Amino acid sequence: MKTALIIGSSKGIGRSIKKRLNELKIQIIAPPRKELDTSNLDSVKKFIKGLKSIDYLILNTGGPPAKEFFSITEDDWNKYHVQLFLSFVLILQKVKLKNNGYIFLISSNIIKNPENNLVLSSSYRVAISSVLKTVSKIYSKRKITCINIAPGPIKTNRLKKLVKNVKEFEKKLPLQRAGSPDEIALFVQSIIKKEIKYLNGVIINFDGGLSNNLI
Ligand SMILES: NC(=O)c1ccc[n+]([C@@H]2O[C@H](COP(=O)([O-])OP(=O)(O)OC[C@H]3O[C@@H](n4cnc5c(N)ncnc54)[C@H](OP(=O)(O)O)[C@@H]3O)[C@@H](O)[C@H]2O)c1
């Protein structure tokens with residue numbers, strides 16, 4: 001039986017991915033935050049110590065609050081450096097992946113279209129995206145595939161926290177709606193189920209056509 005580690009799967013995108021991978025009869029390891037807190041390196045080290053090798057890794061966690069650049073404190077930078085970057089680096093270095101496996105990173109479309117009040121998020125997500133690209137090169141010999149999913153607005157608690165009036169916000173989007181977390185989950189499920197391997201080392205804008213960047 002194949003095994004997947006899904007981080008941040010109690011709600012939102014992570015929870016939807018967990019549900020869709022369950023349908024593939026994959027053994028799911030889905031630690032709650034009290035067992036694996038990506039903002040706490042000791043928690044991460046403790047969790048991965050006893051972990052056996054896995055087939056699929058979903059790197060997902062909570063996003064930082066929206067904050068204007070000059071109001072971001074040193075503590076904020078340190079916390080999200082660990083939460084969004086260093087924890088994932090440690091996991092990528094230490095967790096053993098089986099040949100033919102998959103790694104999915106849930107990042108954000110702001111890595112290509114940074115927003116002023118989300119610099120805490122965009123800066124560390126660009127950094128971890130760069131690490132994942134490097135990892136994809138190293139792992140390609142073992143047919144381990146790395147895909148960076150960069151969501152645009154997706155209807156979860158996170159969006160409700162960032163946007164005052166979701167309904168009004170949605171009217172301005174290209175599809176007049178935010179994405180559903182299940183659309184991302186179905187994408188992950190299909191890649192795994194259909195064993196798609198040539199989509200590797202890429203960033204997928206999962207944003208309903210919102211972004212303006214060509215590449
Ligand atoms: N939704 C969007 O519009 C959108 C757009 C772009 C990027 N993203 C990014 O995509 C990721 C998932 O988003 P989402 O909308 O699914 O968010 P969400 O609904 O807020 O869910 C976040 C998940 O991460 C967990 N989590 C939070 N902090 C954690 C920590 N320190 N360690 C481990 N787990 C932690 C939460 O668990 P608890 O139950 O413990 O809180 C929850 O399961 C986030 O990084 C978000 O910033 C989302």
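1. Which residue in S3 is the bridge partner of Ile6? That partner is Ile58. Strand S1 (residues 3-6) and strand S3 (residues 54-59) run parallel and are joined by three bridges. Strands are DSSP runs of E with at least two residues, and helices are runs of H or I with at least four, numbered from the N terminus; two strands pair if DSSP finds at least two bridges between them.

2. The model is predicted: local features need pLDDT of at least 70 and side-chain atom pairs count only at pLDDT 80 or more, while totals for chains, interfaces and linings use all residues. Residues are numbered from 1 along each chain as its sequence is written.

3. S3 also pairs with strand S4 (residues 97-106) in the parallel sense, over five bridges. Here Leu57 stands opposite Ile103 in S4.

4. The ligand is surrounded by 28 residues, of which Gly8, Gly12, Gly62, Gly63 and Thr156 are the closest; a residue is near a molecule if its C-beta atom, placed from the backbone, lies within 6 Å of it. Helix H1 (12-22) and helix H5 (157-162) are the elements that give two or more residues to this shell.

5. The axes of H1 and helix H7 (residues 181-193) cross at roughly 45° and come within 8 Å; axes are lines fitted to C-alpha atoms over the stretch in contact, with angles from 0 to 180 degrees between N-to-C directions. The two helices are therefore oblique to each other, the term for angles that are not under 35 degrees (roughly parallel), over 145 (roughly antiparallel) or 65 to 115 (roughly perpendicular).
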